Amino acid sequence: MVKFSFNNAKELLGGILEVADILKFEIDDAAPDFYITAKKATDKKILNVALKENCATIEYGEKASFFRGLMLLCKNMGNDFQINEKRSFKTNGAMFDMSRNSVFKVATVKEIMKYMSLMGLNMFMLYTEDTYEVEGYKYFGHMRGRYTKKQISEIEEFGEMLGIELVPCIQLLAHLTTALRWDAFAHMRDTHDILLADDERTYEFIDQMFLSLSKMYKSRRVHIGMDEAAFLGQGRYLDKNKYCNKSEIFCRHLNRCREKALKYGFKPMMWSDMFFEMAGEFGYSSETQFSDTVKKSVPKDVEQVYWSYDCTDEGTYASMLEKHREITDNVIFAGGIWTWSGPCPKYAKTIAASKAALSACIKKNVSEVFATIWHNGAECPLVFSLPGLMLFAEMDYTGKFDMKTVKENFEFITGVSADDIINLEAADYPADNSDRAIVRNPTRYFLYNDPLAGLLDKHAEGLNLSDFYGKISNMYMEKGPKSGFFFEAFEYYRALLNVLSVKADFGLKLKKAYDEKNISDLKILYDLTYEIEKRVEKLNAVHRKSWLYYNKSCGFEVHDMIYGAIKSRFQTTRFQLDRFFDDVTYIIDELEEERLPFVNIPQGDTPAVFIGQRFTRLYSANVVSTVFNDNVLG
């Protein structure tokens, strides 16, 4: 192991010790192999790394850049060199979704922060809808794995060592379904996921939110959400007030929230889409025309975050950035690393969209960007987002897109092939592996597809899925690391492919054999149900182990429910087939039904179209949860 002696690095020493194992060095002032001098630059965007013989200098503008410089030094040792970089952005980092069931353990956040510091990123957001403590509101985040004040403080102190600011990211209007489900919040419920605006009890709660955040976080930046409140004022608000002008309600509510933020010294930012919705027919588009009224309604001290995840046209991003500057001088861009459409990350879309977006941001002099890493179904391990973060970092420091360098640097700091992660999405393209820009997610819907009802069977026709998933399963048996931080995520993926290789087209085969009254094939399929059940049970166990490695335990009960339901349905399949074998006139109702497309298939398209629904809708055409009105609107 190489030995370093550091000079002028007192403020950096804590972080240096944290990344030493990753970069495979130790500190030895007595007999070092290399002497490293840390030099603070006056320009915060500067990073210069030079090595001559056994003496190195890292000139850095801010702490996060130093750790990237240390990574570049370790990667290029062997010959004298000089690397000069200048950041395009003042702030660059990630927002991780901690609100859709999986909540990172503190140790997981720390490990990701170490990798982010070696990339040179300097901001980390925990997206917490109700997964943080609010004093006096015990039901807020109840059984959701919420973060305590002590945990947030521990994460924040760790980030400080690495030059990473921990910024709270919350919601003050919509996206609060899991909190508003409780009767304790009935009095501040507008609709099932939107807070009741213009009610003092709501603002007492929001005041307490900011008080709690002020005690948890040292940072005084805060993301307050405020997005996608399409049904604002349409529920209990309308019952109380008999009149609803959404734009007026939104602006009043935003200003009240802004006042609360400023009261506790916070500088707020928010998603910008609602102002575009207020402006008229074009929605979140550069064609939107802002009236003077809308322009005046945007608070000057609330930064606007333009979010876009799937556009691959640089010109569109540039136009939208210009459009934002009609309403704010403080525009921030948020891109997306596609971890939310199913178990597989979508890197074709991530790379194409991020390249276009960041190129536009650089040319339009946007000073702050970050990558959103959403969950939705909590199926994809979020550690698979790290190659995407490497892309964000490389374009920041070099000003250009170079996927070769992205992959090299990622592999250097993690020991994991970036291609092994990027190519995971191959499992989502059974119909056309060459078309990697279209988002499809059959790994989700063929896993969830019921063996008897087969709501997704039509989309499996002609795809030879057993062979397709069998080949990918065999390929990934040897891919990925054999241990370490990414190992459990790859193990989950392997177990998933193992199930799909026998389950994905089971329903098609069952329906065909039943229609033909082919007893021989039905008995083969009958025996196969035991193997599928066994593999689903193994997937459940592997997923549980992976989940508990990265996350708090709360939330995995949803996956236990799903896997339990899948296994149970194969038991029911055997029960029905036993009756059929005893009497071939016995009717299995689900197998009598014609198989219809779950969604419309456009003329000439392949059967594997995008299907985004969750388990309960993919699984059954029947009522899974009773529709009721009691307390839904308060």
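This is a predicted model: local features need pLDDT of at least 70, side-chain atom pairs count only at pLDDT 80 or more; totals for chains, interfaces and linings use all residues.
Trainee: How many bridges join strand β1 to β2?

Mentor: Look at β1, which covers residues 2–7. It runs parallel to β2, and Val2 stands opposite Phe25 in β2. Pairing needs at least two bridges, and the number joining β1 to β2 is three.

Trainee: Which strands stand at the edges of the sheet?

Mentor: Follow the order of this open, mixed sheet of six strands: β2-β1-β3-β5-β4-β6. An edge strand here has a single partner, so one side of it is left without a neighbour in the sheet. The strands in that position are β2 (25–27) and β6 (81–86).

Trainee: And what angle does the direction of α1 make with that of β2?

Mentor: Helix α1 packs on the sheet, where it touches β1 and β2. Its direction and that of β2 make an angle of about 145 degrees.

Trainee: Are α1 and α2 roughly parallel or roughly antiparallel to each other?

Mentor: Start with the helices themselves: α1 spans residues 13–23 and α2 spans residues 63–76, with axes 11 Å apart. Their packing angle is about 30 degrees, and angles under 35 degrees count as roughly parallel. The two helices are therefore roughly parallel.

Trainee: How many nonpolar residues are in the contact of α1 with α2?

Mentor: On the α1 side you will find Gly15, Ile16, Val19 and Leu23, and on the α2 side Phe66, Phe67, Leu70, Met71 and Cys74. One residue of this contact is polar and none is charged. The nonpolar count is eight.

Trainee: Which residues in α21 does α19 meet?

Mentor: Helix α19 (residues 506–515) packs against α21 (residues 556–582) at about 10 degrees, with the axes 14 Å apart. These helices are therefore roughly parallel to each other as well. From α19 come Phe506, Leu510 and Tyr514, and they meet Phe570, Thr573, Leu577 and Phe580.

Trainee: Last one: how far apart in space are Thr178 and Phe140?

Mentor: Thr178 is in helix α5, residues 177–180, and is partly exposed, with a relative accessible area of 24%. Beyond its sequence neighbours up to four places away, Thr178 touches Asp130 and Arg144. Thr178 and Phe140 are 38 residues apart in sequence, and their C-alpha to C-alpha distance is 8.5 Å.

Note on methods
Residues are numbered from 1 along each chain as its sequence is written. Side-chain values use heavy atoms; hydrogens and water are left out. Axes are lines fitted to C-alpha atoms, for helices over the stretch in contact, and angles run from 0 to 180 degrees between N-to-C directions. Helices (H or I, at least four residues) and strands (E, at least two) are DSSP runs, numbered from the N terminus. Angles under 35 degrees count as roughly parallel, over 145 as roughly antiparallel, 65 to 115 as roughly perpendicular and the rest as oblique. Contact means heavy atoms within 4.5 Å. Ala, Val, Leu, Ile, Met, Phe, Trp, Tyr, Cys and Pro count as nonpolar, Asp, Glu, Lys and Arg as charged, and the others, Gly among them, as polar. Buried means under 20% relative accessible area, exposed over 50%, partly exposed in between (1.4 Å probe, protein chains only).
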